[in-house]
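Hi everyone, thanks for coming along. I'd like to walk you through one model today, so please have a look at the screen while I talk.

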Amino acid sequence: MGSESRRETGSGGPPADQRGADARDRILAALDHLRGVQEAGGDPSRPPPSACQENELLRWAELTGLLLNPAEFIPHLIRGGQEHDLLSRGDRVVKVTRNGVFGLSPGIELALVSSADDARRFHLWEATPMEYLERLRLQNLLVPGINQLEGVIAHNEGGGIAIVTSQPRFEIVAVRTVEIDLWFAHLGFQKITDSAYYRAEDNLGIFDAHEKNLIRAGDDLIPFDVIPCHPGGGFLEFIRDTLGAGHHLEAIRTISTGPRKTTSDQPPSSGP
């Protein structure tokens, strides 16, 4: 999917990152814009800081007409899970990121790579806007079209932005862990710890895949709020070594910790 990171004009219209409401996929358009900023900034392996990404995403929303009016959303929100506040609109559920946190992203910290006697540990860190959008893109590969980018809200107090997305409204049919394990195994994934799976074929990791983040739809499961990523660098090596040695992994959620100290912060990838 490397073509997604290039600014192609397609049928002669504006670049993908400037098509706004007319784009077939706003998530890809927003990623296109942020990747362009990354490429222009120098080292393509190091994405711009989160604050820079927020500013650029806000600028993109202004250019494309996707800067939303907070009054249409904020007063009507109810608290969802750890990452989003929610609003029901017709047959869709609107999700708004909360408190300047753009979901979670998996990675490792040098100090947490354990000895042979302990479970090997990894973090679910605060994600950047770019990582969050990449997560939405990969979710759309697992379940085509499940996420739609509605726009961006600029907070007047304290600055910062919220990313607004929507998903279809699903009937909640609970699933059990054993069903989730079997479903991912059928798709070619190996279980690396509770609620986390990895498929080497396309270097795809799925994290936070517990009973509250998947539902049943007939004979299939819908992973509507999992955290997919293409692991890279030290994190990919960590997963491969752990699976090869048959070790157990333990996930640790880390919120508001400041800069990460990792072997290799994995940037969002356009492919395995």
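The chain exposes about 13,200 Å², and carbon and sulfur atoms supply 50% of that. Those accessible areas come from the Shrake-Rupley method with a 1.4 Å probe, and for residues only the protein chains shown count as cover. Please keep in mind that this is a predicted model: local features need pLDDT of at least 70, side-chain atom pairs count only at pLDDT 80 or more, and totals for chains, interfaces and linings use all residues. Residues are numbered from 1 along each chain as its sequence is written, and side-chain values use heavy atoms, with hydrogens and water left out.

Of the 272 residues in the chain, 47% are buried; buried means under 20% relative accessible area, exposed over 50%, and partly exposed in between, with a 1.4 Å probe and protein chains only. The secondary structure comes to 5 helices and 14 strands. Here helices (H or I, at least four residues) and strands (E, at least two) are DSSP runs, numbered from the N terminus. For contacts between residues at least 6 apart in sequence, 63% join residues at least 24 apart, where contact means heavy atoms within 4.5 Å.

Now to a pair of helices. Helix α2, residues 50–64, and helix α3, residues 129–142, have axes that come within 8 Å and cross at roughly 65°. The axes are lines fitted to C-alpha atoms, for helices over the stretch in contact, and angles run from 0 to 180 degrees between N-to-C directions. So α2 and α3 are roughly perpendicular to each other; the cut-offs are under 35 degrees for roughly parallel, over 145 for roughly antiparallel, 65 to 115 for roughly perpendicular, and oblique for the rest. On the α2 side, Ser50, Gln53, Glu54 and Leu57 make the contact, and on the α3 side Pro129, Met130 and Leu133 do.

Next, a sheet. Which strands form it, and in what order? There are 4 strands in an open sheet, ordered β8-β9-β10-β13, with antiparallel pairing; two strands pair if DSSP finds at least two bridges between them. β8 and β13 (227–229) are the edge strands, each pairing on one side only. On average, neighbouring strands of this sheet are turned by 25° against each other, direction ignored. Between β8 and β9 there are 3 bridges, and Gln190 stands opposite Tyr198 in β9. Helix α4, residues 177–186, lies across β8, β9 and β10, running at about 10° to β9.

If you like checking backbone torsions, look at the loops here. Most residues other than glycine have a negative phi. Ser195, however, has a positive phi near 70°, and Ser195 is in the loop between β8 (190–193) and β9 (196–199). Asn203, also not a glycine, has a positive phi of about 50°. Asn203 is in the loop between β9 and β10 (204–207) and counts as buried at 10% relative accessibility.

Two last spots. Thr165 lies in strand β7, residues 161–168, and is buried with a relative accessible area of 1%. Beyond its neighbours within four places in sequence, Thr165 is in contact with several residues, including Val93, Tyr132, Leu136 and Gln148. Leu66, in the loop between α2 and β1 (78–79), is buried too, at 3% relative accessible area. Leu66 and Val164 are 98 residues apart in sequence and 9.8 Å apart in space, C-alpha to C-alpha.
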